[in-house]
Amino acid sequence: MDDQELLDYLDIPFTFHKRPNPIEPQIRVVWGLSILVLILFICSRGKKSSISRLHFLSWAVRSPENRTTLIELLENRNSPLLNLVQYDPSFDRAIKYAIAEKLVDTDNGKILSLTSSGKSLAEQIMKLNNCLEEEKQILTQKGASVNETLTKEILSRKTRY
Amino acid sequence: MSLMINHLKLKITTSNGIFGVDIPFERGLFILQADNTSGKSTCLLSILYALGLEGMLGPSHRMTLPPVVWERVEYEGRNYSVIESEVLLEISNSTEIITIQRQIKGNRNRNLINVWNGPSLTSPSDSYRCSSYMVREQGGATREIGFHRFLANFIDWKLPSVPKYNGEESLLYMETIFPILFIEQKHGWSSLRSRFPTYLGIKDISHRVFEFIMALDAQEIATKKISLKQQEKETKERWYATLRQLNDISSSVDATLENVPQEPTSVWPPTIPPQVLIVTKQEVLTIQEEIEKLEQRLSSMEFESVPVVSDIVESTRYNLKEKENQLFDLEIKIRLLFEEIGQKRMQVTSIESRLSSLESELQRNKDLKKLSELQGIQLLHTATGECPTCNQSISDSLIMPEITNHSMTVDQNIEFINEQIKLFKAMQRNESNELKIEEKKLHQLNTFIAQVRQEIRALKTTLTSQNNAPSYAFIEQKIILDIKIKELRETQKRINNFFGILSHLTEDWNSIQIELSNLPKTGILSHEDKTKISELQHSFHDQLSDYGFSSIDDFQEIQISENSYLPEYEGFEVDISKITSAVDISKITSASDYIRFIWAYLLGLLEVARTHGSNHPGLLIMDEPRQHSANEASIKALFNRASHSSQHGQQVIIATSESDEILNRCLKNIPHKLKQFHGKIIAPL
């Protein structure tokens, strides 16, 4: 087959279809809102938490690797030099939406607290079987150990070392 | 299965002599009437205390009885401090009567309970034997000296072991069962479900208690189902393991298995019998045919005379050259194949890791789908793609809030991932099949090359031996043939042994399948269980109509759920503590209707126990059932219904503060026993 033949062979009509892009599940609105109310509901004292702690925990539940890192951290098994937490702007937006949706409330912009509708949503999520099981589990088992002091300590590591 | 309260005695020694009360109880409907704050609840709570069951009210070890029995007695306007106090309780099952003594205040250990094996209160005698037991201590329900173990035997209860939240098992403690027999005034009327103590950490406690008290087969069926499923799984795994061993053995002689079922079957041998085949380039033989072929060759060699070296030098040299060339080719082939296999393995691993990450992404998307269907989510603006603040359209992505119209919905995303998983699974199957074939090829080549090397050695030995010596190569060929035949025979025997194992597994599999088919197909309730539940529902409806329940017109629609065993209306649990705007149960606005609900349910249990096998001891104690002032007609209906208990040897004790007048009207023509107190119940003895 010479070049001309090949070109002739390829010369057929074709069309393009616009195809929607897949979205990573964790950056969907519903995911962000659900994780936020779950953290406040499951493992936050008085259903209140600082925004930085929420960020930290949302990072921690994000993937199996992060969950492992969190457990190692709590058991003091990883290197103090490890640059742990990544700030996630998408979760910030989730927080903004949640405030607008009145799922959470804030007085000074630093501490978030769960409202009654947020609580009711969290309860509904807790009742769902086989949904966010790993996330619920790690929050139930380890979430409370991540207190505000620890959060501060972790987040200030970068500057200390 | 029976427990009756015969007699209660409170004995309080004060600075001004002995105070207390004696109450003789009887079977059937028993009404204890006294004014409010006169000490009715004290009497009922001291029954609970005597039975060591105050743990039903909460985990605390503090005194649950009111101060009148341990601090000071107030009588005719004067206070007397309590020096010592105790409660005595005479109870009976269907055959025996025992008397229980427990100290409330004093020097003795409060957790020590004395038991006499006779009616010490109603017919005192010093011939009764006394034994001591302990209560509310570690092992109180399990150890020989534990009172609750003793009491369970007395009632003839075999308390089951139930799962806890922490994954361990524990006894279904008595404290968890009595909340449906004893309705105390403070918490007993609040909710059907939340009456059970949660601090014991028992999972699904209301289910377990109901199953026990109604003696449902459900728990047993559930356990059996789980264990059969487990056995089924184990049989499958042993089947797979046997198959693996079979494959290993047959591939050690380069044979392949045909027609062996990959999954357990119900018939052995299968209709198409399994075969062991030896495949070479030229032909396909069963292992038996191969053995026969080799034996023939060996026996034909027996007839030939062994050639002498000098006669075959030329041909041997030629053969050696041939074989050495063959060896060289083989070595190259093997090296190439080896590399290829290494690459294939890496590819399979990478496909597998891709698959596992796709699967976890799929799970997340499925989670999302479930979340989006939640009512709490659907009420949100953001869920409908609208900004909660400015009502403009927003996308579903937290990173790019602007609408682009190019992102997939969750459903599309799930579809998309599923397609990818399908593709990768197909690739995985393909690649691992190819890998298997190539590994087999490599094994064959390795066996073959070993054979060639041996032949080369033999030829060399032949060439270096004396001229008149017999041909070493010829002899060795005979030996090799002999060994090969033995090896094949041995393999054949082992394969048959494994077929024997498969045949056993088939039998196991069959019996498991038969047992499974005898259990209820869906759910865990047996036919008898369902009858009990529908009887309860029947009695429940009947009573609601007697009691003038009015909140829901079509209360026939209220079902006793086969999942939760609690009343449900339109699929929602009817529970006053859980009334939410989402549920139309807010129709039950009248709190007194909710009280009727509790009467009907708990008395219903007692009624079902009359006609069906159960663990219900036939005892129901209600403190102040006329909460929220249910009307007179209802209370009369309750008394009437409860009075049937006497015909069945059951006991319903109701404490009330109704006035004489109302009570007389309500109890008219109803068989009952009435014990009235005017003024304080606790008085000088």
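Begin in chain A. Three strands make an open sheet here, in the order E1-E3-E2, with antiparallel pairing. Select strand E1 (48-50) and strand E2 (104-106) of chain A: these are the edge strands, and each pairs on one side only. From one strand to the next, the twist averages 30°. That angle is taken between N-to-C directions, running from 0 to 180 degrees, with axes as lines fitted to C-alpha atoms (for helices, over the stretch in contact).

Some ground rules before moving on. This is a predicted model: local features need pLDDT of at least 70, side-chain atom pairs count only at pLDDT 80 or more, and totals for chains, interfaces and linings use all residues. Residues are numbered from 1 along each chain as its sequence is written, chains are lettered from A and ligands numbered from 1 in the order in which they are written, and side-chain values use heavy atoms, with hydrogens and water left out.

Strands (E, at least two residues) and helices (H or I, at least four) are DSSP runs, numbered from the N terminus. Two strands pair if DSSP finds at least two bridges between them.

E3(A) and E2(A) pair in the antiparallel sense over three bridges. Pick A:Asp105. Its bridge partner in E3(A) is A:Ser113.

**A salt bridge in chain A**

Next, select A:Arg67 and A:Glu134. Their side chains meet in a salt bridge, at 2.5 Å from N to O. The pair links distant parts of the chain, 67 residues apart: A:Arg67 is in helix H4 (residues 64-74) of chain A, and A:Glu134 is in helix H7 (residues 133-142) of chain A. The term salt bridge stands for a side-chain nitrogen of Lys or Arg within 4 Å of a carboxyl oxygen of Asp or Glu. Over all chains, a search of the whole structure finds 36 of these salt bridges.

Move to chain B and select strand E5 (residues 78-92).

- Strand E1 (residues 4-14) of chain B: ten bridges join E1(B) to E5(B), and the two run antiparallel. B:Thr14 has B:Val82 in E5(B) as its bridge partner.
- Strand E4 (residues 72-75) of chain B: four bridges join E4(B) to E5(B), again antiparallel. B:Arg72 stands opposite B:Ser81 in E5(B).
- Strand E6 (residues 97-105) of chain B: eight bridges join E5(B) to E6(B), which run antiparallel. The bridge partner of B:Ile91 in E6(B) is B:Ile98.

Show side chains as you go. In a regular strand they alternate between the two faces of the sheet.

Which residue takes a positive phi in the hairpin of E4(B) and E5(B)? Select B:Glu76: its phi is near 45°, and the hairpin has two residues between the strands. E5(B) and E6(B) also form a hairpin, with four residues between them.

**Two backbone stops in chain B**

Select B:Ala215. This residue has a positive phi of about 50° although it is not a glycine. B:Ala215 is found in the loop between helix H4 (205-213) and helix H5 (218-252) of chain B.

Then select B:Trp268 and B:Pro269. The peptide bond from B:Trp268 to B:Pro269 is cis, with omega near -5°. B:Pro269 lies in the loop between strand E12 (255-258) and strand E13 (275-279) of chain B.

An open sheet of three strands has the order E12-E13-E14 in chain B, and its pairing is antiparallel. Its edge strands are E12 and strand E14 (284-286) of chain B, each pairing on one side only. The twist averages 35° from one strand to the next. Three bridges join E13(B) to E14(B). Finish on B:Ile278, which stands opposite B:Leu285 in E14(B).
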